[in-house]
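Dear colleague,

I am passing a structure on to you, and below it you will find notes on what came out of it. Please keep the structure open while you read.

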Amino acid sequence: MYCCGNNALKNQEYSKAESYFKRAIKKNKQRSEAYSGLAKTYLGQDEDDKAENVFLDAIDTQSGNADLYDACFQFYLDTDQTLKIPELLDDADDIFMPEML
């Protein structure tokens, strides 16, 4: 599903890409690449808020998934939203730092 989503995205077939990425997420909710692909699909359609919510919603339900935080961090870098990174990192610290202590 993920590869099909990437191919559809590359061809700017956004509705197909969205469907493939959503199916990939349903199949494996922990796969951060599928969330990134879905976010890129929304960005390609100028739906920036929807793209950001892909990550924020996933992090809300999978707060222990470090790969999702990394993907969201990269999303903020790629979309020049670096001011949102400190808040994301604060949330990650609250979750991951107790495990390291």
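A residue counts as buried under 20% relative accessible area, as exposed over 50% and as partly exposed in between, with a 1.4 Å probe and protein chains only. This is a predicted model, in which local features need pLDDT of at least 70 and side-chain atom pairs count only at pLDDT 80 or more, while totals for chains, interfaces and linings use all residues. Residues are numbered from 1 along each chain as its sequence is written, and side-chain values use heavy atoms, with hydrogens and water left out.

Is Q62 buried or exposed? Q62, which sits in the loop between α4 and α5 (66-78), counts as buried because its relative accessibility is 12%. Leaving aside residues up to four places away in sequence, Q62 touches K29, Q30, Y35 and L68, where contact means heavy atoms within 4.5 Å. A polar atom of the Q62 side chain lies 2.7 Å from the backbone oxygen of K29.

Turning to the helices, the axes of α3 (residues 32-44) and α4 (residues 48-61) come within 7 Å and cross at roughly 160 degrees, and therefore the two are roughly antiparallel, a term for angles over 145 degrees. Y35, S36, L38, A39, Y42 and L43 in α3 meet D48, K50, A51, V54, F55 and A58 in α4.

For the other pair, the axes of α1 (residues 2-10) and α2 (residues 14-27) come within 8 Å and also cross at roughly 160 degrees, so α1 and α2 are roughly antiparallel to each other.

Best wishes

Notes:
Axes are lines fitted to C-alpha atoms, for helices over the stretch in contact, and angles run from 0 to 180 degrees between N-to-C directions. Helices (H or I, at least four residues) and strands (E, at least two) are DSSP runs, numbered from the N terminus. Angles under 35 degrees count as roughly parallel, over 145 as roughly antiparallel, 65 to 115 as roughly perpendicular and the rest as oblique. A polar contact is a pair of N or O atoms within 3.5 Å; within protein, one must be able to donate a hydrogen and the other to accept it, and residues adjacent in sequence count only if both atoms are side-chain atoms.
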